Amino acid sequence: MTDWGDIARERLEIISMASEAGPGVTRLPFSEQHEAAIGFITSWMTAAGCQVHLDAAGTLVGRRAGPEGAGTLLIGSHQDSVRQGGFFDGIMGVALGCLALEKLAQAGVKLPFAVEILAFADEEGVRFATALMGPRALAGTLDPAVFAMKDDTGKTLSEALARIGGNSEAALQLSRDSKDILGFLEVHIEQGPVLEALDTPLGVVTAISGIERHCVQILGETGHAGTVPMTLRKDALRAGAKLVEAVHDLALRHDLRATVGALTLSPNVVNAIPAQVDLTVEIRAPDDAAREAAGVELAKICAQIAGETGTKIEPSRSYAQPAVACDPKMRALLVDAVMQVSGQAPELPSGATHDASAMADLCPVAMLFVRCRGGISHSPAEYASNADMGAAVEALAFALMAYANASEGAPVHA
Ligand code: HGY
Ligand code: MN
Ligand code: MN
């Protein structure tokens with residue numbers, strides 16, 4: 001009996017070495033680490049009986065053909081990580097998708113549709129101030145302006161993409177015909193504590209939260225830390241501290257998630273009053289109206305704090321992504337499959353965003369969550385057990401079989 005969870009662990013341990021030095025996994029898109037990962041994922045896709053190619057947007061595509069004229073079911077997630085992230089976020093979904101195809105092949109099952117496993121290059125948006133380029137290229141929603149964006153070394157996205165064999169012009173021509181696509185299935189570590197609290201390995205996602213990001217610049221006045229009276233100061237960091245607390249209260253008031261995740265200050269020396277602070281505010285909610293109302297309120301909060309501290313505060317919205325509902329029919333197939341595997345199939349929203357968020361502009365989407373120890377993610381401590389990953393492979397295989405039956409094309413046993 002093949003232990004699919006053990007194989008998944010082995011593969012994830014190996015690919016975790018495709019990382020910058022330091023704790024956890026740091027694998028940014030279009031980097032040497034990404035190139036190394038492409039080698040490993042190619043072997044997974046080949047073992048799953050797929051023909052493999054890298055598309056112009058840097059997505060590694062493993063296609064297992066189906067009968068002539070049959071549609072294609074897409075399965076995938078992202079290869080990139082945050083800085084010092086975990087072994088599982090994104091890449092586990094690619095590994096488990098390949099193993100589900102291997103499992104069906106081992107059982108002699110031929111599906112009545114084609115399947116493509118997709119390893120998207122950039123979901124996290126850590127290297128460039130954009131994300132989801134791969135899914136957006138397939139959905140035809142890619143904004144050409146993103147290719148001019150620069151990373152912190154001054155390299156453009158277009159240059160970085162070309163480095164691994166992609167091409168920004170051709171990436172804009174990748175959109176798929178939605179008539180050919182049956183749907184997109186993403187398996188992902190939950191990144192939260194719900195499944196662990198329910199003591200169950202798998203869950204089915206109902207909706208994926210929307211997200212917006214604001215860059216806030218706070219301009220004060222520097223001065224000698226020993227001579228400027230407190231009442232005359234225009235301290236940018238004091239305004240920033242007030243804003244961090246106000247963002248926390250905003251989230252509680254609107255029952256959503258809001259985070260000040262990045263902050264820089266200058267001149268950043270022990271004996272000078274901070275002159276400038278640049279920080280990010282990220283707001284997430286399953287309800288777009290609530291998120292946008294909080295974004296509008298943020299601007300008012302900035303104006304009020306500027307008045308209180310004598311500083312100039314400029315918020316600007318740098319990114320927005322709407323909430324996405326998962327497809328009811330695909331959800332029902334996943335629920336049945338999970339029931340077969342673990343006897344219970346909790347359904348839950350996703351506070352994290354995913355490649356499925358952008359794929360929803362192309363086709364119906366559904367997500368299978370895998371239990372996450374302590375709900376910890378975006379951290380080297382991120383952990384999913386072999387048994388839970390094995391359960392996910394079983395459930396995915398059941399779901400593909402059920403999809404085949406539901407789409408009239410019952411699986412053809414070789
Ligand atoms: O930030 C997110 O929700 C995702 O992990 N990129
Ligand atoms: Mn992810
Ligand atoms: Mn992530």
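Strand 5 is covered on both faces: A114, E116, L118 and F120 on one side, and V115, I117 and A119 on the other, are all buried, where buried means under 20% relative accessible area, exposed over 50%, and partly exposed in between (1.4 Å probe, protein chains only). The strand spans residues 114–120, and seven of its seven residues are buried. Helices (H or I, at least four residues) and strands (E, at least two) are DSSP runs, numbered from the N terminus.

This is a predicted model, in which local features need pLDDT of at least 70 and side-chain atom pairs count only at pLDDT 80 or more. Residues are numbered from 1 along each chain as its sequence is written, and side-chain values use heavy atoms, without hydrogens and water.

Strand 5 pairs with two strands, pairing requiring at least two DSSP bridges. Strand 2 (residues 60–64) runs antiparallel to strand 5 and is joined to it by five bridges; here R64 has V115 as its bridge partner. Strand 3 (residues 72–78) runs parallel to strand 5, with seven bridges, and S77 stands opposite A119.

The surface carries patches, made of residues with over 30% relative accessible area and no salt bridge, like charges being joined within 9 Å and nonpolar side chains (Val, Leu, Ile, Met, Phe, Trp, Tyr) within 5 Å. A salt bridge is a side-chain nitrogen of Lys or Arg within 4 Å of a carboxyl oxygen of Asp or Glu. D3, D6, E10 and E13 form a patch of negative charge. E13 lies in helix 1 (residues 4–15) and counts as partly exposed because its relative accessibility is 41%. L237, V244 and L263 make a nonpolar patch of about 200 Å². L237 belongs to helix 8 (residues 236–254).

Definitions and conventions
Chains lettered and ligands numbered in written order. Areas by Shrake-Rupley, 256 points an atom, 1.4 Å probe, with all protein chains shown as cover. Lys, Arg positive; Asp, Glu negative; His and termini not counted. Charge placed at Lys NZ, Arg CZ, Asp CG, Glu CD.
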